[in-house]
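Here is a walk through the charged pairs and the nonpolar core of one protein model. Keep the structure open and follow along.

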Amino acid sequence: MMIEEIHHVQLAMPKGGEFEARFFYQDVLGLSVVAKPEALADRGGAWFENRAVRVHLGIEDPFAPARKAHPAFRVASLIEMRAILDSKDIPYSSDADLPGITRIFVHDPFGNRIELLEERP
């Protein structure tokens, strides 16, 4: 059996952080909110997705953010992504570019590290 794709990425968040999660993952990163299945809805957290990306945020208590481990999301334009982050006063940092990739790092409202990258020809 072979792995075919990543179905979703699971990140942790503290209890009661759903509003902050929606602001960051929906309003900043542009993912859509998805209703959690009824069997999981009472656990809290939030799910987001677009055509190819699914991010599930689950409640962790005690909560500890992922400071090194991280998902990396490809964006169409880092220039546009930086403008969005700047307009919402969300700090980010640059890192060494990789062959064919320019990237920045941002943290979600809970301190989880997120890589945003643009592929170059």
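A salt bridge here is a side-chain nitrogen of Lys or Arg within 4 Å of a carboxyl oxygen of Asp or Glu. The model is predicted. It holds four salt bridges. Side chains of opposite charge can pair when their charged atoms come close.

Start with Glu49 and Arg54. Their closest N and O atoms are 3.8 Å apart, and the two form a salt bridge. Glu49 is partly exposed, at 30% relative accessibility. Arg54 is partly exposed as well, at 31%.

Next, turn to Arg74. Arg74 forms a salt bridge with Glu119, and here the closest N and O atoms are 3.7 Å apart. Arg74 sits in strand β5 (residues 72–74) and Glu119 in strand β8 (residues 113–119), so this pair ties together parts that are 45 residues apart in sequence. At 61% relative accessibility, Arg74 counts as exposed.

Strand β8 also carries Glu115. The side chain of Glu115 meets that of Arg103 in a salt bridge, 3.5 Å from N to O. Arg103 lies in strand β7 (residues 101–107), so the pair links parts 12 residues apart in sequence. Are these two residues buried or exposed? Both Arg103 and Glu115 are buried. Asp95 comes in too: salt bridges with shared partners join Asp95, Arg103 and Glu115 into one network.

Now look at the loop between β7 and β8, where Asp108 lies. Asp108 is buried, yet has no salt bridge. Which side chain of opposite charge is nearest to Asp108? That is Arg67, 7.9 Å away, and a salt bridge needs nitrogen and oxygen within 4 Å. Asp108 does have a polar partner: a contact of 2.7 Å joins its side chain to that of Tyr25.

In soluble globular proteins, nonpolar side chains tend to be buried together. The largest nonpolar core in this model has 23 residues. Phe24, Tyr25, Leu57, Met81, Leu85, Ile114 and Leu116 touch the most other members. Elements that give two or more residues include β1 (9–13), α1 (18–28), α3 (78–87), β7 and β8. The most comes from α1, with four residues.

End at Leu116. Its contacts beyond four places in sequence include Leu29, Phe73, Met81, Leu85 and Val106.

Conventions
Residues are numbered from 1 along each chain as its sequence is written. This is a predicted model: local features need pLDDT of at least 70, side-chain atom pairs count only at pLDDT 80 or more; totals for chains, interfaces and linings use all residues. Side-chain values use heavy atoms; hydrogens and water are left out. Buried means under 20% relative accessible area, exposed over 50%, partly exposed in between (1.4 Å probe, protein chains only). Lys and Arg count as positive and Asp and Glu as negative; His and the chain ends are not counted. A polar contact is a pair of N or O atoms within 3.5 Å; within protein, one must be able to donate a hydrogen and the other to accept it, and residues adjacent in sequence count only if both atoms are side-chain atoms. A nonpolar core is a set of buried Ala, Val, Leu, Ile, Met, Phe, Trp, Tyr and Cys residues joined through side-chain atoms within 4.5 Å. Contact means heavy atoms within 4.5 Å.
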